[in-house]
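Please walk me through the pockets of this protein, and then through a pair of its strands.

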Amino acid sequence: MASISLNGITKVFSSDGPPALSEVDLDIADGEFIVLVGPSGCGKTTLLRIVAGLETSSGGELHIDGADVSNVPAGTRNIAMVFQNYALFPHLTVAENIGFGLKIRGVKKAERLAQVENVASLLGLSPYLARRPGELSGGQRQRVAMGRAIIRQPAAFLMDEPLSNLDAKLRVEMRGEISRMQRRLQATTIYVTHDQTEAMTMGDRVVVLNQGVVQQIGSPEHLYSNPANVFVAKFIGAPTMNMLVGSFDGEHLEVGSAKLSLHTRYAPQSGEVQVGVRPEHLSMAAAGEGHFKGKVVLVEHLGKEVQVHMELSEAGQQEASELIAIVDPSEAPQEDTEAEISIDNINKVHLFELDSGNTLTKL
């Protein structure tokens, strides 16, 4: 496999429009699983296509194993791409689809069939080698597309939303299969998705993009616990982080009628700030700090937990008028009742600059 390095990668499609990518820097280690995540139009697929050689960057350099391949044609980069739509040949069998690249390269039939059987065994496709794509399920077709990529033994795998056409249950299953396969092969992989759940469960590191700009790079755990700005805080995590507006003097935080004593986790700041609290760090119990009063507008029972949506009675001082709390079913209030909610761990409160949205929390 290979290491990949992107240095100042920029892409401009229109001279009078904003760049699709703006000076992206990213170093990917040999065998690492990197996930590019962000909303539609953020530039993640464009970045993947530049790595593949299907798109030319407007600036910057791309290195694979230390060699500058910025101007090297796609066909000679030794990179395999798995597309969203599978791109299988409908008239060929599974075995012929998987081995098609080897046939084009002139690999002898006996050797080709042996490699196809090995890959099919790895992906659980051995019983289906004689079938055609139209006779397979969506998950099986995706495995065939992956098999066609694996058999080439490329320097890296690029995957562009490969699970987006699958139903929810199959997505979860295939998510696990891709992760296990990647670890077995120790394959350098760049995976594009707009689904933050896929990003959080699959990647060694996650790259969060918005409007062509890298917002933050880190492990899933780091991004969740230490978001660099409001965009990352709200994009990573479901339900999204609650965002309020409060007043901070460097030690004391006031959010509506709630008052908290904060200590050394935050950079010096005076004035209004954005306050972020994840739903699981709120409680219906009165024992916590930072009490908010409001009306319970929706209670969603999800089995082991309950999501409580509250409309705050102090909404005039806050960016949003609603808080979402994840609580134990035993704590669940009734809808259309007045209730009190509190922050159960002040060390989980995030502060952001009001204007820039950048974190004030010391990462």
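In this predicted model, 19 residues line the largest pocket, and Ile79, Ala80, Met81, Arg148 and Arg152 lie nearest its centre. Strand S6 (79–82), helix H3 (100–104) and helix H5 (138–150) each give two or more residues to this lining. The volume of the largest pocket is about 540 Å³. A pocket here is an open set of points on a 1 Å grid over the protein atoms alone, where a 1.4 Å probe fits, with protein on both sides within 12 Å along at least five of seven lines; lining residues have an atom within 4 Å of a point. A volume is the space filled by probe spheres set on the points. Helices (H or I, at least four residues) and strands (E, at least two) are DSSP runs, numbered from the N terminus.

Local features need pLDDT of at least 70 and side-chain atom pairs pLDDT 80 or more, while totals for chains, interfaces and linings use all residues. Residues are numbered from 1 along each chain, and side-chain values use heavy atoms, without hydrogens and water.

The second largest pocket holds about 230 Å³. Its lining draws two or more residues each from helix H2 (94–98), H3 and helix H4 (109–122), with the largest share, four residues, from H4. Among the lining residues are Leu92, Phe100, Lys103 and Arg112.

Elsewhere, strand S17 (residues 306–312) pairs with S18 in the antiparallel sense over six bridges; pairing requires at least two DSSP bridges. Val306 stands opposite Val327 in S18. Strand S18 (residues 322–327) is largely enclosed by the rest of the structure, because five of its six residues are buried (under 20% relative accessible area, 1.4 Å probe, protein chains only).

Technical notes:
Buried < 20%, exposed > 50% of the residue type's maximum accessible area, 1.4 Å probe, protein only.
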